[in-house]
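Here are my notes on this model. Please read them with the structure open.

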Amino acid sequence: MAYKALYRTYRPTCFEEVAGQKHIVRTLQNAVLHDKIAHAYLFCGPRGTGKTSIAKIFAKLINCEQNNEKPCGVCPNCIAFQQGTHPDIIEIDAASNNGVDEVRELIEKVKYAPMLGKYKIYIIDEVHMMSAGAFNALLKTIEEPPAHVIFIFATTDPHKVLPTILSRCQRYDFTKVGMKDMLEAMKRILDKEKINYEENALRLICQLADGGMRDALSILDQVIAYAQDDIQTEHVNDIYGIITTDEKIQLLEMVGKKQVSELMSKVNDLNNRGIDLKRTTMELIEILKETIIHDYTHDVNLLQICTEDQIAKAKIDKTTKARLKMIDMLIEAYDKYRFSSSVSSYFEVCLLNMMQEESDVPVYQAPKETTFILDEVPVKRMNEPEDVKSIRIEKPKPEVKEEIKIEIEEPIINKKVQRGLENSYVIRLLVGANKKNKADDMQKLKYLSEYYMNPHWAKYANLLRDSKLVASGDSYMVVAVDNQAMANEINELDSNNEFGDFMEVLLQKKKKVFGITSSQQTAVIQEFVRLQKLGELPEPVSFDDEINQVELVTNLFGEGNVTITED
Ligand SMILES: [Zn+2]
C-alpha cells in the first residue's frame, strides 16, 4: 500500500482533533447551539493552523440535523459530508480559481436553494488570491446574501482581502499552535501508529514547525522514514542539522562564564555540522525572551521552548535588563547576516559582545594564542577585555573598479550584488512575459510550501516564501519581495545558477528568477503602461545567446563595475 502522508491521514475530522484554537472552536459551537450563525466568516492565520479543517467541521456541524455542539455523524447530511458528496458544502481554492468566470458561476448557483442541508456553504480557501474582478463579483453576493448561504473564507493574508469584504465578515484570528497542543497531537498520532519516541525529539520538531501543525506532521513523516519505529533526538538532528535546546543554553552559559575558547570551538563545531546559524540566532532570541517572560510571571505554563530546569540555566545569572540587551545584540547581528558572506563571523562577534553585558567579574584573561579570524579580514588578537568590545568586522577598502571574470557558459559571480535590477531591464522582462506562463507558474508555486522544511531546497523555497509573482516569461519569472536585500539575495543566487535546479524541481522547468522590490514593481508597472500607450515598449530580453548573458550580468552589477576578461 502506498504510504499516505500523516497530515492527510490525520486531517482532523472533529473539533477535538484540531490542535489548539480552542477559543475559536468554542465560539463557533455556541453560534450553532444558539442559532446565531453569520453569513460570512473570515478565518485568518498562519499556514497549517487549522483554518480549513475547522471550516470543514464547522460546515458539517451547521448542516447536521441534530442541533448539537458536535456533528452527529449519522444523519444523512453528516454521512454525505463524510463521503465527500455533500451537494451543499462547496470548497473552492481561490489560488487556482482566481478568475471572474469561476466566481460568476459560483454566484449563478448561489441563488438556488440547498439540496440536502439547511444551508449552502461555500468554503473559499486562500481568498486573498482572488483577482480584483472576482472579488467585486463576489462582493455583490456578500452584500445581500440569500438567507440559505454561508461563506467561510480562509486566508493567510488578511491585509490583501478587500476592506469591503472584511467589514462584512465575522473575523477569527487563528494563532500558531503552541508547543503543548502540538506535542499532544503528535503523541496521539505516534501512539496510534505504534511508534516509540523521545519527548525531546518531538520538542525539536515543534521548534522546526514554528506553530504550523501541518509542517510538524510533514517533518514527523520525514523523521519516521529515517528512524522507523523509534524516534530519537539525534535522528531529528541528523536530518535537519539542528541544535538542541540544551546546546543553545550551553552557548548562553559559555557567554555567561566568558569561556571564549570553548565558545569559539562550539561555534566551529556547529558550523561543521552544517547548523544554520541564522536560525540559531533567532532561537537564542526566543530562549532569552522566554527567560524574561519567566522573570516577570514565574509561570511555567507560559514556557514554550524550555523546561523549568532549562529556563533557570538560560538566565545565566544576568539581570533582566542585561538579557534584554543581549536580545538587541542578537537582533542586530541577524539583520547584518543579510549583507554578509560569513554569518559565523558575525555570530561569533555578537556572542563576544554579549559577554560584556553587565558582568560582575570584569577581568577576563584570554589565552594568548586565541585569535579570531574574521573571514578575509585582518586577524585580530585579543589580549585585553577591551579588545573584545572593539572587535568589528572591517570591510576591505572599496576598489575603484571591480573586476569580475565572466565565463559565458556559466557566469561565476562571487561579488555581492549591491543594487537592484535596472527598471529599464525589468520592463524588458515584462515585455517578454505573458499571462499563460504566469498562470502556469502560479499553479506550481502553490506547492512551494512543501519545500520549506526540505533540507535540500529550504533555502530557495523560504526566499520565495513571501514573494509575489509579478510576471513569467518562457525561461524566467520576476518576483516582488519586501526589501532590496532579499531581492539581491535572489538575484545573486540566480546568477550563481543555484535557483535553476530548484525551479526544475518545483516547476518541472528550468527558469531564472529575478527579484525586485514591491515599490519597484509599482514604478515599473506604471512605466510599462506609459510606454505601452505610446507604443514604445522595448524589445524583450532574450536569454538565448551569449551577448545577452553579458547584458544580464552588466545589469546586475552596473556597467562601470564589469570588465570582461577573455580566456
Ligand atoms: Zn449529523
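1. Strands here are DSSP E runs of at least two residues, and helices are H or I runs of at least four, numbered from the N terminus.

2. A caution on the source: this is a predicted model, where local features need pLDDT of at least 70, side-chain atom pairs count only at pLDDT 80 or more, and totals for chains, interfaces and linings use all residues. Residues are numbered from 1 along each chain as its sequence is written.

3. The open sheet has 5 strands in the order β2-β3-β4-β1-β5, with parallel pairing. Two strands pair if DSSP finds at least two bridges between them. The edge strands, β2 (89-93) and β5 (170-173), each pair on one side only.

4. Helix α8 (residues 179-192) has 14 residues. Its buried residues are M182, A185 and M186. Buried means 20 or more other C-beta atoms within 10 Å of the residue's own, with C-beta atoms placed from the backbone. They sit on the same side of α8, because they cover an arc of only 95° around the axis; the arc is that of the directions from the helix axis to the C-beta atoms. Their cover includes α9 (199-209) and α10 (213-227).

5. After α8 comes K194, with a positive phi near 55°.

6. A216 is in contact (C-beta atoms within 7 Å) with M182, M186, I205, C206 and A209, leaving aside neighbours within four places in sequence.

Conventions: Expected span 1.5 Å × (residues − 1). Buried ≥ 20, exposed ≤ 12 C-beta atoms within 10 Å, placed from the backbone. Contact = placed C-beta atoms within 7 Å.
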